[in-house]
Amino acid sequence: EAGVVQSPRYKIIEKKQPVAFWCNPISGHNTLYWYRQNLGQGPELLIRYENEEAVDDSQLPKDRFSAERLKGVDSTLKIQPAELGDSAVYLCASSSGPEDNEQFFGPGTRLTVL
Amino acid sequence: AQSVTQLGSHVSVSEGALVLLRCNYSSSVPPYLFWYVQYPNQGLQLLLKYTSAATLVKGINGFEAEFKKSETSFHLTKPSAHMSDAAEYFCAVRENTGFQKLVFGTGTRLLVSP
């Protein structure tokens, strides 16, 4: 069974440039999460989707971050414009439902903003 | 809000020695607790979880953790460390109100020497 797929694995951009991350969850998983993991820290939830609906985006900096999951499967997280402080690893995770206690994580996208 | 505290950002052990990684939680109600492991450049993998059943939880790779309500602790142990156990370990609590999101600790890096 394929796990959570993320691309790209690494991205280096200059500040003020846009960037996008893509996530394909495990087949059949309706719940999708985006986390940000700063260096030396644990992951912090940015947004959670139940199918196409964003049910928790309270931690998403909405002035520059956006996300979508149009067909309830793949998801894209965008930053525009990127700032130096956005350098981090962006992790995608999925689970079979909101009550499922196991989230499966992808390998992440390491973003470096210069 | 619920939170977890991991004591010690780094723990060093010799191969074959006992592994003990500490986690304390804050919660006014019985929490759901998790331990995840993260190998370099990879996503997080669930080691074990406590969901209000048995207080001693056994996980993968020989790890186990004991939920102690009186001490608000959920420490992770393994009787004999292997070189392959070297990784970052995260304790997490699932909020039992609102959106029930996972809240992670800051992580403990386990170093295993020959």
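Guide: Let's start with one residue, B:F74. Leaving aside neighbours within four places in sequence, B:F74 is in contact with B:C23, B:L33, B:F34, B:W35, B:L48, B:Y50, B:V57, B:A65, B:E66 and B:F67. Contact here means heavy atoms within 4.5 Å. Before going on, note that this is a predicted model, where local features need pLDDT of at least 70, side-chain atom pairs count only at pLDDT 80 or more, and totals for chains, interfaces and linings use all residues. Residues are numbered from 1 along each chain as its sequence is written, chains are lettered from A and ligands numbered from 1 in the order in which they are written, and side-chain values use heavy atoms, with hydrogens and water left out.

Visitor: Which residues of the largest nonpolar core touch the most other members?

Guide: The general idea is that in soluble globular proteins, nonpolar side chains tend to be buried together. A nonpolar core is a set of buried Ala, Val, Leu, Ile, Met, Phe, Trp, Tyr and Cys residues joined through side-chain atoms within 4.5 Å. Buried means under 20% relative accessible area, exposed means over 50%, and partly exposed is in between (1.4 Å probe, protein chains only). In this model the largest core has 27 residues, and B:W35, B:L48, B:F74, B:L76 and B:Y89 touch the most other members.

Visitor: And which strands supply that core?

Guide: In chain B, β2 (10-14), β3 (19-21), β5, β6, β8 (64-68), β9 (73-78), β10 and β12 (108-113) each supply at least two of its residues. The top contributor is β10(B), with four residues. Those labels come from DSSP runs, numbered from the N terminus: helices are H or I with at least four residues, strands are E with at least two. There is also a second, separate core of 21 residues, including A:L32, A:L46, A:A82 and A:C92.

Visitor: How do I read the place where the two chains meet?

Guide: Start by counting: 20 residues of chain B are in contact with 24 residues of chain A. Then look at buried area, the accessible area (1.4 Å probe) that two parts lose on being put together, summed over both. Here that comes to about 1,700 Å², with carbon and sulfur atoms giving 46%. On chain B's side, the elements giving two or more residues are β5 (32-38), β6 (44-50), β10 (87-94) and β11 (102-104). Of these, β5(B) gives the most, with four residues.

Visitor: Can you show me some of them?

Guide: A:E50 and A:R48 meet through their side chains at 3.0 Å, N to O. A:E50 counts as buried because its relative accessibility is 15%, and A:R48 is buried too, at 9%. Now try B:K58 and B:E64, whose salt bridge is 2.7 Å, N to O. B:K58 counts as exposed at 62%, whereas B:E64 is partly exposed at 23%. In another pair, B:D85 and B:K78, the closest N and O atoms are 2.9 Å apart, and both residues are buried. Finally, salt bridges that share partners join A:R64, A:E83 and A:D86 into one network.

Visitor: What should I look for in the backbone?

Guide: Look for exceptions: most residues other than glycine have a negative phi, and most peptide bonds are trans. One cis bond joins A:S7 and A:P8, with omega about -5°. A:P8 sits in the loop between β1 (5-7) and β2 (10-13) of chain A. The bond from A:Q80 to A:P81 is cis as well, with omega near -5°, and A:P81 lies in the loop between β8 (75-79) and β9 (88-95) of chain A.

Visitor: Where is A:N51, and what is its phi?

Guide: A:N51 is in the loop between β5 (44-50) and β6 (53-56) of chain A. Its phi is near 55°, a positive value in a residue other than glycine. In chain B, B:N41 also has a positive phi, about 60°, and B:N41 lies in the loop between β5 and β6 of that chain. B:N41 is partly exposed, at 44% relative accessible area.

Note on methods. A salt bridge is a side-chain nitrogen of Lys or Arg within 4 Å of a carboxyl oxygen of Asp or Glu.
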